[in-house]
Amino acid sequence: MNAFAPDSLVLNRRLPLWYQVSQSLRASILGRRPDAPLRLPTEEDLADHYGVSVLTMRQALKELEDEGLISRHRRRGTFIEAAARRGAPVKLLGSVDAIVAQQSGGRTTVLRHGPAPLPPEVAEHLTDLTEATAFRRLRCDDSGEPTDWAENFVRPELADRIDLADLERWPMTKVLRDALGVRISRITDTVEARLASPETAALLQVPLLSPILHYTGVTYDDTGRAVDVVRIHYRGDRFSFTVTMEAP
């Protein structure tokens, strides 16, 4: 039986190694493809993969076992629980203008754009595509300090009409609606806590594995088709989300 292949990790020596390893392996498990093997490599192989001791690896695995993500069987090995999923995220509902306001402010720089394959969490929304046009943008406050970075996956026929100068002035939602004339019917928002990956830590200038708010927004047109999927990584020390409930 083939073993599940976890992502690599650049260790931060200022944080407990077992904690970093457990969180990295947790992210790999929760972000795995549906057809990925359920059997994990041996403790020794995992320790070698992450560059830590077997004792450290054992402590990391115990954390995941206590969480119910894996099960360990003597002589058989360690297996991912097939039903392991992320906890239910907080979902925010509001107007399109509220979304535009949420994503506005500061100074935005387009880092790069072009065709890109769809990550699994994006592909589940753009089901008829194998790739889309990805736009990566970094937003900074007025002092120049990074606050968040976003990656939009847009349908190619729409992306070809986008003026990059508009993306440095407006959020993608406003560009789609006001510049391209897309009739937006709804947007679904999902916000969850994550730890900063090496890429996010570098872009936002925060320590590796710092807490961040990970926002996923899916924009649908009036035919019910998803036209844009955005993943925004907010610095956890700079943002919070508030939901106001009003009685009918």
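Are Tyr-215 and Tyr-234 buried or exposed? Select them: both Tyr-215 and Tyr-234 are buried, where buried means under 20% relative accessible area, exposed over 50%, and partly exposed in between, with a 1.4 Å probe and protein chains only. The model is predicted, so local features need pLDDT of at least 70 and side-chain atom pairs count only at pLDDT 80 or more, while totals for chains, interfaces and linings use all residues. Residues are numbered from 1 along each chain as its sequence is written, and side-chain values use heavy atoms, leaving out hydrogens and water.

Stay on the two tyrosines, whose ring centres are 6.5 Å apart with planes at 80 degrees, so the pair is edge-to-face (centres within 6.5 Å, using the six-membered ring of Trp; planes under 30 degrees apart are stacked, over 60 edge-to-face, the rest tilted). Tyr-215 lies in strand E8 and Tyr-234 in strand E9, 19 residues apart (strands are DSSP runs of E, at least two residues, numbered from the N terminus).

Next, select Trp-170, where Arg-169 lies over the ring face at 4.5 Å from the centre and Lys-174 lies over that face at 5.2 Å (NZ of Lys or CZ of Arg within 6 Å of the ring centre and within 35 degrees of the ring normal).

Finally, select Leu-176, which touches Val-154, Leu-158, Gly-181, Val-182, Val-227 and Asp-228, not counting residues up to four places away in sequence (contact means heavy atoms within 4.5 Å).

Methods. Helices (H or I, at least four residues) and strands (E, at least two) are DSSP runs, numbered from the N terminus.
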